[in-house]
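Thanks for coming. Let me put the model up and walk you through a few of its details.

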Amino acid sequence: MNPTTTSTELNMSVEKMEKVAFILKTTAHPTRIAIVQLLAQQESLSVTEISEKLHVEQSLLSHHLTGMKLKGILSSTREGKSIFYSLKMREVVDVIQCLASCTFL
């Protein structure tokens, strides 16, 4: 946005811009985007299930999941020895889908 462009001209409130920026910063990694896409399709998945579906080591995956949970993107529940993750902030899916539909990508 150049210095003379206002949020009104972009048809987006400052609050909305801040939320979109937060979502983009929090999900700015291919693994995190893949996690969001998986959890958009299934309500809840265990760390093991996500690891198997994405072919990512559990230790690296846990790092991404923990960070996304701390930022409020994901929520988790423990069932026995397993931790299940689900999307807490559903708007993340909309932002990623919007970007995926861009013709210049």
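First, the ground rules. This is a predicted model, where local features need pLDDT of at least 70, side-chain atom pairs count only at pLDDT 80 or more, and totals for chains, interfaces and linings use all residues. Residues are numbered from 1 along each chain as its sequence is written, and side-chain values use heavy atoms, with hydrogens and water left out. Helices (H or I, at least four residues) and strands (E, at least two) are DSSP runs, numbered from the N terminus.

The core. A nonpolar core here is a set of buried Ala, Val, Leu, Ile, Met, Phe, Trp, Tyr and Cys residues joined through side-chain atoms within 4.5 Å. Buried means under 20% relative accessible area, exposed over 50%, partly exposed in between, with a 1.4 Å probe and protein chains only. The largest core has 21 residues. Which members touch the most others? I35, I50, L65 and L74. At least two residues each come from α2, α3, α4, β3 and α5. Take L74: beyond its neighbours within four places in sequence, its contacts (heavy atoms within 4.5 Å) include I35, L39, L65, M68 and Y85.

Next, helix α3, residues 47-54. V47, I50 and S51 are buried there. What covers them? The cover includes α2 (30-41), β1 (45-46), α4 (58-70) and β3 (82-87). Just past α3, H55 has a positive phi of about 55°.

Now T26, in helix α1. T26 is buried, at 7% relative accessibility. Its side chain reaches the backbone oxygen of F22 at 2.7 Å. Leaving out residues up to four places away in sequence, T26 touches R32, M68, K71 and I73. T26 and K71 are 45 residues apart along the chain, yet their C-alpha atoms are separated by 7.3 Å.

Last, the charged pair. A salt bridge is a side-chain nitrogen of Lys or Arg within 4 Å of a carboxyl oxygen of Asp or Glu. How many does that rule give? One. K19 pairs with E91, the closest N and O atoms being 2.5 Å apart. K19 sits in helix α1 (residues 14-26) and E91 in helix α5 (residues 91-100), 72 residues apart, so the pair links distant parts of the chain.

Methods:
Polar contact = N/O pair within 3.5 Å; in protein donor to acceptor, adjacent residues only side chain to side chain.
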